[in-house]
Structure formats: C-alpha cells, structure tokens
Amino acid sequence: MAKRKRKTVIDIRGLWAGYGREPILEDLDLKVYNDDFLGIIGPNGGGKSTLLKVILGLLPPQKGKVKVFGRSPIEARKYIGYVPQFAVYDKDFPINVWDVVMMGRRSRRGLFPFYNAEDKQKTKEALEAVDMLEFRKEHIDDLSGGQRQRVFVARALASDPKLLILDEPTASVDSVIQESIYQLLQRINEGIPIILVTHDIGVIAQAVTRIACLNKSLHTGDGEMLTKEQLESAYQCPVELIAHGVPHRVLPEHKK
Amino acid sequence: MAELILLFDALLTYEFMQRMFIAGMLASVAGGIIGSYVVVKRLVFISSGISHTAFGGIGMAYYFGFEPMIGAAMAALLTAIVVGLVNIKTKIRADSAIGIMWVIGMAAGVLFIKKTEGYTPDPMSILFGNILLVSREELIIMAVLIVIILGFVMFLYKDLLAMTFDEEFAAITGIHTNLLNLVLLSLTALTIVLMLKIVGVILVIAMLTIPPSLAGLFTNDLKVMMISAVIIGIVLNIGGFMISWQWDLPPGATIVILSGVVFLVVFSSIKIARFVKHKTKDPSSK
C-alpha cells in the first residue's frame with residue numbers, strides 16, 4: 001500500500017436506518033480511510049445493502065451522522081463509483097457496452113446535453129482498465145457474466161471516482177473470473193479506496209486490508225480487532241477465521 | 001391503380017390532403033421517438049391509460065366549447081402526472097391507478113358529449129381517429145407539440161438513456177429520476193395527443209409501439225431504434241392510408257392492421273431465419 005497521507009473518507013456515527021418501523025441498521029459506527037480496501041461481510045438481511053444505500057444517498061438515515069468526503073451522501077455521491085450486485089436493467093434494452101460505460105460520465109457532465117472528447121477518452125480508458133475495449137460495440141446482454149461485471153466496473157471507473165463501492169461483484173461468476181476481478185480491484189486500490197460487500201469470506205481475505213462484520217450493527221469503526229467471536233456473532237454460526245492471507249492485513253492493526 | 005393515381009392527384013390539388021399527410025408525418029416522428037422510450041421502459045399500459053383519459057378531455061372541450069386537442073392535452077398531462085406521482089409518493093399500485101383514471105376519463109367523455117348542445121362529434125371518430133379532418137389550427141398545435149417533444153428529447157437524451165436503462169445508477173450520477181420520470185410521462189402524453197387525430201384513442205398504442213418494436217428487432221442502439229422507428233412509422237402511415245383510399249376503409253384501422261401484419265411477418269421471418277441458420281450451421285450438435 002502506498003504511503004498516502006491517511007485521511008477519513010467515510011465517517012458514520014450512531015446510524016439508524018431502514019425502511020419501515022423496524023430499523024435494519026442499529027447504532028452503526030464506521031470509518032473508512034483513503035487507503036482502505038474494506039470488506040464488509042455479514043449474513044443475508046444483516047443490512048449490507050441498506051448500508052450501501054445510505055452511503056450512496058439513496059436512503060436517508062433515520063438517525064445518526066453520515067459524512068462522505070466531509071459532505072452529505074447526496075452531495076458526495078458524484079465522487080463515488082458504484083458497482084451494483086445485479087444492475088437492474090432490461091436485458092432487451094437496446095444499448096451497447098460503450099454507451100453503458102459512458103453513462104458513468106454523467107456525474108461529471110451534469111445536465112449539459114452532450115458528452116465531449118474528455119468523456120470519450122475516459123470511457124476508453126475505463127474499458128481498457130478492465131480489458132473490455134474490444135467488446136465496446138457488443139450488446140450488453142451478449143456478454144458472459146464475468147464480462148458484464150467488468151463492464152459495470154468500467155462504468156463506475158469512468159467517472160474518475162474517489163471511492164469505489166462494489167456490492168457482491170462476484171456473485172454470478174465462476175472462480176477463475178472471480179480471481180481476475182479481485183486482481184483488478186487490487187490494482188484499482190493502489191489509487192483509490194474500495195468498499196466491497198460480499199458473503200464470500202474465502203476470497204475476500206486475499207484482497208482486502210480490513211474486514212467489517214455487519215449484522216444490524218457494526219463497531220469495528222476504528223482500529224478494533226475483528227475476532228472469531230465477532231465473526232460468529234455476525235454469522236450466528238461457527239466460522240473458520242481466515243489465516244492464509246499472511247502478506248495482507250486480514251485483521252486491522254492500527255492502534256487508537 | 002387508377003384510384004392511387006387519383007390519390008396523388010388529390011394530394012397535389014387539395015389542401016386538406018396535404019394537411020393530412022403532414023399530420024401523419026408529424027405523428028410518426030413523435031411516435032417513433034417517444035414510442036421507443038415507451039417500448040424499452042415498458043410504459044405501454046400507462047400510455048393506453050393516458051390516451052383513454054384524453055377522451056374525457058376531448059368531451060370536456062366540446063362541452064365548454066374550446067379546441068378539443070387542448071382538452072385532450074390537459075387530460076393526458078393530468079393523467080401522466082397523477083400516475084407518476086402515485087408511483088413515487090404512495091403505495092397504491094400504479095396499474096390500479098391507471099385503470100381507475102382510464103375508466104373515469106372514458107365515462108366523463110361520454111357524459112360530456114351526450115350533454116353538449118348543438119353539433120356533437122361522432123364518438124367513433126374520436127375513438128378510432130379520422131385523419132381526413134385535420135384542420136389548419138390542429139396542424140399548428142401538432143407542430144408546436146413536436147417542437148416541444150424534440151427539444152426535450154435532444155436536451156435530455158443522455159439522461160433519459162441512463163434513467164430508462166438503470167434507474168438506481170442514474171440517481172447516483174445525480175439525475176433527479178423522479179422528476180425525469182414525470183417529464184418522460186408528460187412527453188408521452190403530448191405524443192399521444194399528437195396521434196389522437198390520426199388513429200384515435202383506441203389505436204394510438206399501435207403507432208406508439210409497433211414501429212419501435214420493429215426497429216428494435218434490428219439494432220442495439222437506442223438512437224438508431226428511434227430514427228428507424230420514425231421511418232417505419234411514416235412508411236406504415238402512408239401505406240395504411242393508401243389501402244384505406246383504395247378500398248374506401250377507415251384509415252386509422254387500415255394503418256393499424258397494416259402495421260400489425262408487417263410486424264408479425266418480419267418477426268416470424270427473423271425467428272424462422274435464425275432457426276434455419278442454427279440448423280444448417282450446426283448439424284453435428286445432438
């Protein structure tokens with residue numbers, strides 16, 4: 001990890017959030033730094049997607065403080081590249097790979113009606129970064145699952161994000177492609193922080209620098225060690241603690 | 001054949017024939033462009049609802065004695081915005097809301113026309129269109145509507161593309177998706193008003209869906225889909241009108257039947273061609 005000056009990117013304190021009367025997130029604290037590759041794991045229904053929605057400004061918090069780059073999520077979301085678990089789109093939609101990735105430039109271009117040469121250049125670079133430039137004319141649904149996921153990563157990268165957030169990016173692809181996507185993410189992480197939500201605890205250990213365990217609440221906020229007990233309480237079943245990721249810091253080291 | 005020569009003759013001679021042709025073109029342009037959004041965003045049912053409530057607006061306009069197209073536009077825009085807001089703000093199911101507005105609009109239209117004194121139009125011509133009766137004023141309204149529609153689509157093209165493709169991502173990139181949804185529904189309403197005169201309340205959906213669906217069979221680019229849909233729409237309009245002239249049939253119905261037949265033929269040809277290609281290319285598989 002490059003020796004960047006350590007800065008807080010996301011600061012969440014005492015967050016309560018949810019949809020109905022029952023909150024999904026209860027009193028959650030989380031800090032994310034500019035050199036993080038943070039893995040968020042936890043059981044289904046534990047609030048992983050809800051937390052992402054709050055960070056992206058798609059769901060207002062019921063209580064608590066959420067700062068992204070020191071601003072409110074809605075102001076800050078144009079600096080975030082987001083890769084959804086399943087992009088909700090119509091597979092018959094008439095659109096090719098190039099136009100999907102170009103969409104990522106919207107946050108930079110605003111209401112101005114046309115994309116310019118810079119947008120095209122960034123789109124090209126994003127497609128090159130994920131090794132998909134040769135597929136730019138293909139229909140999005142003619143790609144394999146792994147290729148499509150790379151396109152959605154490229155769409156997120158096209159906006160020159162200062163933070164990349166991915167929700168289960170490898171849920172629908174086989175293990176060889178998973179491996180290549182994680183390598184890609186590690187390369188990206190040399191430049192920007194990444195938050196990765198997954199329940200794939202095996203693979204996550206190889207890529208991430210910190211793991212947070214989310215089950216309604218989260219207190220790994222700053223410098224706390226993630227213990228076997230915490231993992232087990234999050235999953236509510238015995239968990240094999242990852243030990244093979246020796247060169248990586250699976251467990252957070254930084255002291256208070 | 002003699003009748004068709006007569007048709008071209010009439011087209012050169014009579015102003016009402018020229019108006020009719022221009023009206024058909026304008027409706028095809030709007031229908032091809034907005035229809036592409038209707039097809040890809042699956043707005044067909046709400047479009048149907050909008051066109052039927054427009055019937056209520058037309059009835060109201062006759063009753064109070066103002067231009068029917070203005071009445072249609074008022075009712076269509078109201079429906080588009082109410083259904084859009086219901087979708088955003090409440091938990092009422094959107095399709096139920098559409099159904100409710102649909103029937104109220106139709107019933108109100110019947111009552112208004114029944115109670116209108118003096119000249120009342122034949123409801124059949126409102127329901128099924130009558131392209132022959134396009135007045136100069138109506139043509140001007142249509143031209144204004146098309147300028148509005150084209151202006152919005154050109155200015156908002158990239159945002160509409162992002163929103164219709166993936167609403168959640170569009171919101172993250174800073175697009176006000178709720179507002180843009182309302183704009184798209186309103187443009188759909190205006191397009192429907194534009195087409196009412198030609199194919200009428202009931203057959204509007206054909207002009208809005210068949211040309212874009214046909215175009216969509218051949219392209220994976222929304223822009224190409226729109227332009228091809230416009231051209232297909234114009235051809236089908238003229239073709240349908242020629243059939244109606246030749247055999248003295250109502251033009252709205254012949255345009256729709258021609259469009260439907262062409263769609264079925266093209267669609268099944270593609271399917272058969274793919275099937276044959278698959279068979280011959282790959283004889284060893286199984």
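**Exercise 1. Determine how helices H9 and H10 of chain B pack.**

Step 1. H9(B), residues 177–216, and H10(B), residues 222–247, pack at an angle of about 120°, and their axes are 8 Å apart. Helices (H or I, at least four residues) and strands (E, at least two) are DSSP runs, numbered from the N terminus. Axes are lines fitted to C-alpha atoms, for helices over the stretch in contact, and angles run from 0 to 180 degrees between N-to-C directions.

Step 2. H9(B) is therefore oblique to H10(B). The classes are as follows: angles under 35 degrees count as roughly parallel, over 145 as roughly antiparallel, 65 to 115 as roughly perpendicular and the rest as oblique.

Step 3. The crossing of H9(B) and H10(B) is right-handed; a crossing is left-handed if the near helix is turned anticlockwise from the far one by less than a right angle, and right-handed if clockwise.

Step 4. Residues making the contact include B:Met207 and B:Pro211 of H9(B), and B:Met225 and B:Ile232 of H10(B). Two residues are in contact if their C-beta atoms, placed from the backbone, lie within 7 Å.

The model is predicted: local features need pLDDT of at least 70, side-chain atom pairs count only at pLDDT 80 or more, and totals for chains, interfaces and linings use all residues. Residues are numbered from 1 along each chain as its sequence is written, while chains are lettered from A and ligands numbered from 1 in the order in which they are written.

**Exercise 2. Classify the packing of helices H4 and H9 of chain B.**

Step 1. H4(B), residues 68–89, packs against H9(B) at an angle of about 150°, with the axes 9 Å apart.

Step 2. H4(B) is therefore roughly antiparallel to H9(B).

Step 3. This crossing of H4(B) and H9(B) is right-handed. Among the residues that meet are B:Ala72 and B:Ala76 in H4(B), and B:Leu185 and B:Ala189 in H9(B).

**Exercise 3. Check the span of helix H7 of chain A and locate its buried face.**

Step 1. The expected span is 1.5 Å times one less than the number of residues. For the 15 residues of H7(A), residues 175–189, this gives 21 Å, and the end C-alpha atoms are 21 Å apart, which agrees.

Step 2. A:Ile181, A:Tyr182, A:Leu185, A:Ile188 and A:Asn189 are buried in H7(A). A residue is buried if 20 or more other C-beta atoms lie within 10 Å of its own, exposed if 12 or fewer, and partly exposed in between, with C-beta atoms placed from the backbone.

Step 3. Down the axis of H7(A), the buried residues fall within an arc of 115°, so they line one face. The arc is that of the directions from the helix axis to the C-beta atoms. An α-helix has 3.6 residues a turn, so residues three or four places apart point the same way.

Step 4. The face of H7(A) turned away from the buried side carries exposed A:Val176, A:Gln183 and A:Arg187.

**Exercise 4. Describe the surroundings of B:Ile58.**

Step 1. B:Ile58 lies in helix H3(B), residues 44–64, and is buried, with 29 other C-beta atoms within 10 Å.

Step 2. Beyond its neighbours within four places in sequence, B:Ile58 contacts B:Pro68, B:Gly71, B:Ala72, B:Gly109 and B:Ile126.

Step 3. B:Ile58 and B:Gly109 are 51 residues apart in sequence, yet 6.8 Å apart in space, C-alpha to C-alpha.
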